[in-house]
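The sequence and structure are shown first.

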Amino acid sequence: AVPNATLGFPGRPANGGSNPRFYEFDDGVTRLVKWHPSSHGAKACYNELVASRLGQLIGAPILRGGVVYVPDEIIPADHRPIGAVAGFHFGVTRMEGENFVPVQHYTEIENTSELPFAAVHLAWLAVADQEGHNQYLQRLEIRREGYPPAMTKRFKLVDMGQMFGGAAWTAASVSAVPPAYALPGHLAAKLTLEKLAAAINAVKGLPAGAIQACFADCPDEWNIPADDKPSGAARAIAAAAQVEQIIRTGNPAIQ
């Protein structure tokens, strides 16, 4: 059982190269839906799902998402030309906020302790297309006694569609772990090896079974080749053991 969409919202989000759209679901949650198949590749939704699961294992500041179902009869007419079809897709809870602007927002965020986990997550999974975008400033209103409500501001990673370097990886292409990963420059500038240590150890300490479980389950309709799931898991397990050297080699300025 997965959340089922009950209402599609006309229009489009301010950003989103894969043409996601907002839908309300039968559990009362509004989610941003990323479509399968995606304009970015056949594995984009699978990558999002797996990376979200893996990120949760280490407490990375990543969107918590899952499989959702959108029935044909509630898809608005203006969603269909951009790839909206009935079926199983990837959805994340709608966030209020804006694209992360380093020169402005680093002084505002309150989850700086999670930045090392964001960096290690990106390097571990070799997530492409991260320099200069695909980070988000989440503004979350917290209801407390008195007025006005408190507002939290948090750094979030928002697009894992190009895990393992892209959305078209295969069992063969992920057989070897790349020796280096260059972090987004603004993120690398905030980090030291000492700050990264806890996040590196969290990844290296993950049981193989926990990693494998993140790759195992997805809708049959996504047509993920049977060999790709264990191969992707094997790549993540191998990269976990090497993640410190991957970061050191790709980011020599981090000391």
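## Basis and contacts

Contact here means heavy atoms within 4.5 Å. With that criterion, and leaving aside neighbours within four places in sequence, Leu 183 is in contact with Ala 119, Leu 122, Ala 123, Glu 131, Ala 188, Leu 191, Ile 247, Asn 251 and Ile 254.

The model is predicted: local features need pLDDT of at least 70 and side-chain atom pairs count only at pLDDT 80 or more, while totals for chains, interfaces and linings use all residues. Residues are numbered from 1 along each chain as its sequence is written, and side-chain values use heavy atoms, with hydrogens and water left out.

## Nonpolar cores

A nonpolar core is a set of buried Ala, Val, Leu, Ile, Met, Phe, Trp, Tyr and Cys residues joined through side-chain atoms within 4.5 Å; buried means under 20% relative accessible area, exposed over 50% and partly exposed in between (1.4 Å probe, protein chains only). The largest such core has 65 residues, of which Trp 124, Leu 183, Leu 196, Phe 215 and Ile 247 touch the most other members. Its largest share, nine residues, comes from α3. A second, separate core of nine residues includes Ala 5, Tyr 23, Ile 75 and Ala 84.

## Packing of α3 and α7

Helices (H or I, at least four residues) and strands (E, at least two) are DSSP runs, numbered from the N terminus. Axes are lines fitted to C-alpha atoms, for helices over the stretch in contact, and angles run from 0 to 180 degrees between N-to-C directions. Helix α3 (residues 115-125) packs against helix α7 (residues 228-250) at an angle of about 120°, with the axes 8 Å apart. This makes α3 oblique to α7; angles under 35 degrees count as roughly parallel, over 145 as roughly antiparallel, 65 to 115 as roughly perpendicular and the rest as oblique.

From α3, the contact involves Val 120, Ala 123 and Trp 124; from α7, Ala 236, Ala 239, Ala 240, Val 243, Ile 246 and Ile 247.

## Packing of α1 and α6

The axes of helix α1 (residues 44-58) and helix α6 (residues 208-216) come within 8 Å and cross at roughly 155°, an arrangement that makes α1 roughly antiparallel to α6. On α1 the contact is made by Tyr 46, Val 50, Arg 53, Leu 54 and Leu 57, and on α6 by Ala 210, Ile 211, Ala 213, Cys 214 and Phe 215.

## A buried strand residue

Gln 138 lies in strand β7 (residues 135-142) and is buried, with a relative accessible area of 10%. Not counting residues up to four places away in sequence, Gln 138 touches Met 95, Glu 96, Thr 152, Lys 153, Arg 154 and Lys 156.
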